[in-house]
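I opened the model to look up two spots along the chain. My notes follow.

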Amino acid sequence: MHTGSCFCKAVTYEIASELSNASHCHCTICKQTHGAAFASYAEIPPDALTFLTGEDLVTKYYSSPTGYRMFCSQCGSNLIWARSDGDSTIDVALASLDTPPKTAITRHIYTDTKVSWLDLNEHIKDEN
Ligand SMILES: [Zn+2]
Ligand SMILES: [Zn+2]
């Protein structure tokens, strides 16, 4: 069981399943819709997701003919991406979880479109 929320906390959700196939996605759509170098998602069964609050604020945007993104229309937080063909899984944006995965996620996908300014092999050093 997991819970999550958007940044402004208007939208909250519950996931009644485990997370599977977590990855960092470097595809062009994830990069641009997140405004970030990559997006981190894990798969869940569609019926495992329940919105607890703010479902009316969740906007669905078709980022390609075969898939859509769901985000909070108030603060813009990405929450879900899903295939419109009724796939057996949908993907939850991992950074929206209040209950994050317990283990490190090392799988990177679509790295052929990775931004040039990110080095996946560099040692992470917090310079704040
Ligand atoms: Zn929000
Ligand atoms: Zn992607």
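Which residue is the bridge partner of His24 in E4? I found Ser40 there.

Before going on, I noted that this is a predicted model, where local features need pLDDT of at least 70, side-chain atom pairs count only at pLDDT 80 or more, and totals for chains, interfaces and linings use all residues. Residues are numbered from 1 along each chain as its sequence is written, chains are lettered from A and ligands numbered from 1 in the order in which they are written, and side-chain values use heavy atoms, without hydrogens and water.

**Strand E3**

I looked up E3, residues 20-25. Strands (E, at least two residues) and helices (H or I, at least four) are DSSP runs, numbered from the N terminus. E3 and E4 (residues 39-44) run antiparallel, joined by four bridges. Two strands pair if DSSP finds at least two bridges between them. E3 also has two bridges to E10 (residues 108-109), and this pair runs parallel. His24 has His108 as its bridge partner in E10.

Next I checked Ser23, which sits in E3. Ser23 counts as buried because its relative accessibility is 5%; buried means under 20% relative accessible area, exposed over 50%, partly exposed in between (1.4 Å probe, protein chains only). Beyond four places in sequence, Ser23 contacts Ala39, Ser40, Tyr41, Ile105, Arg107 and Ile109. Contact means heavy atoms within 4.5 Å.

**Strand E5**

Then I turned to Thr50 in E5, residues 49-53. Buried or partly exposed? Thr50 is partly exposed, because its relative accessible area is 38%. Beyond four places in sequence, Thr50 contacts Thr12, Tyr13 and Glu14. Tyr13 is 37 residues from Thr50 along the chain, yet their C-alpha atoms are 5.6 Å apart.
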